[in-house]
Amino acid sequence: MKLQRKNRVRALAVGALAVSGALALSACGSDDTTGAGGGGAAKPSNIKCDGKGKLLASGSSAQKNAMDVWVQNYAGACKGTEINYQPTGSGAGVTTFLQGQTAFAGSDSALKPDEVTKSKQVCKGGQAIDLPMVGGPIAVGYNVPGVDNLVLDAKTLSKIFNSEIKKWNDPAIKQLNPGAKLPSLKIQPFHRSDDSGTTDNFTKYLKAAGEWKHEPAKKWEGEGGQAASGSAGVSSQVKQTSGAISYFELSYATASKIQTAKLNTGAKAPVEATVDNASKAISEAEQVGKGDDLALKLNYNTKAEGAYPITLVTYEIACDKGNKAETLPATKSFLTYIASKDGQSALKALGYAPLPTEIADKVRATVAKIS
């Protein structure tokens, strides 16, 4: 089905998730990109292998857990091709791609106009395009002893991450959590040290729904706090630091058994960070990319019942034309697999949201035209 510009995206139908703790840990708990999640995801038998040698890619760490399983499944079917994906962060991934060092990049933010222009130097006769491949919630993970059911909102989070609210028993947090035993514990906010699409999406939420004093960006602009690299880095700090709070893709919270905050969005009840709840928010997205570029605009200020507003869509960024002859076959083969029904179904057990049929069909058609 052809998508029109600013067409409303249908809700992601993700079904019920049945994930054992062992699967979540094996799929998400390691930075080893050679085979996390090996026992849980079925290995598709109909992957069309093409190309030989090593395919280099890098970028979004939010999609790392999905990429681990995709790479393992692909390697199991295509013995002559090695996919080497490094979760360096969206900013670094885009930069490396624009320097012509990788076949594709993963980014939690769509390309900016100047990046598209620059891509024409790498994509001979073409340009880079955004291919949405992974959807899901950005969790707000916290470590506050004795507090298992925390509610926060955009205004309070804006002040926490700008070092304006410094104690867990601050009146603003108390007001959102009547009856909770909030300790007089120092808040330790952690943010990404690397340029990150997750940071970009998180600060877009703070700006749209809260009182964020800075412009949303991949580079952290808030005042104070501590930094760590990648989603694995910030989630690890939350896990081991009393009083800590940060933001990262939901599977990192699931894998490390980190408590996640519910959000007061103005709906009747606070909203939990789940794939289904994120899907309700993503369903309000609009396609703003032109032609084969499938960039989406998300609604971070939704007040719909049960809609979790801090979401991201991770894009694979590739040349529509002008790919290097030595990497084109494997690039098309791998992107074809991860956009396929088999590739997308592997996401469910990891806490990601598979693409809705309407947009998945468009992604598959676009990948088939890559040259």
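Biologist: What does the accessible surface of the chain come to, and what percentage of it belongs to carbon and sulfur atoms?

Modeller: This is a predicted model, in which local features need pLDDT of at least 70 and side-chain atom pairs pLDDT 80 or more, while totals for chains, interfaces and linings use all residues. Residues are numbered from 1 along each chain as its sequence is written, and side-chain values use heavy atoms, without hydrogens and water. By the Shrake-Rupley method with a 1.4 Å probe (for residues, only the protein chains shown count as cover), the surface comes to about 14900 Å², and the carbon and sulfur part is 49%.

Biologist: Why is helix 5 largely enclosed by the rest of the structure, and which of its residues are buried?

Modeller: Helix 5 spans residues 154-161, and because six of these eight residues are buried, it is largely enclosed. After the helix comes S163, with a positive phi near 60 degrees. The buried residues are A154, T156, L157, S158, I160 and F161.

Biologist: Why does the pair of F104 and F334 count as stacked, and what is the angle of its planes?

Modeller: Rings of Phe, Tyr and Trp (its six-membered ring) pair if their centres lie within 6.5 Å, and planes under 30 degrees apart count as stacked; the count comes to eight aromatic pairs. F104 and F334 have ring centres 5.9 Å apart, so the pair is stacked, with its planes at 25 degrees. The partners lie 230 residues apart, F104 in strand 3 and F334 in helix 11. Each is buried, F104 at 0% and F334 at 0%, and the angle asked for is 25 degrees.

Biologist: Which residues form the cluster linked by ring pairs?

Modeller: W220 and Y247 form a stacked pair, 5.9 Å centre to centre with 20 degrees between the planes. W220 belongs to the loop between helix 7 and strand 7, Y247 to strand 8, 27 residues away, and both are buried. The cluster consists of F161, F202, W212, W220 and Y247.

Biologist: Is A261 buried or exposed, and with which residues is it in contact beyond its neighbours within four places in sequence?

Modeller: A261 lies in the loop between strand 9 and strand 10. Because its relative accessibility is 1%, A261 counts as buried. Leaving aside neighbours within four places, its contacts are V140, Y142, L150 and L152.

Biologist: Which element supplies the largest share of the lining of the largest pocket?

Modeller: A pocket is an open set of points on a 1 Å grid with protein on both sides within 12 Å along at least five of seven lines, and lining residues have an atom within 4 Å of a point. The largest has a volume of about 590 Å³; of its 30 lining residues, A110, L111, V288, A295 and L296 are the closest to the centre. Helix 4, strand 4, strand 12 and strand 13 are among the elements supplying at least two lining residues each. The largest share, three residues, comes from helix 7.

Note on methods: 1 Å grid on protein atoms, 1.4 Å probe; cavity = no way out; pocket = protein on both sides within 12 Å on 5 of 7 lines; lining within 4 Å. Points joined across faces, edges and corners; volume = space filled by probe spheres on them. Helix = DSSP H or I, 4+ residues; strand = E, 2+ residues; numbered from the N terminus. Buried < 20%, exposed > 50% of the residue type's maximum accessible area, 1.4 Å probe, protein only. Phe/Tyr/Trp six-rings, centres within 6.5 Å; stacked < 30°, edge-to-face > 60°. Contact = heavy atoms within 4.5 Å.
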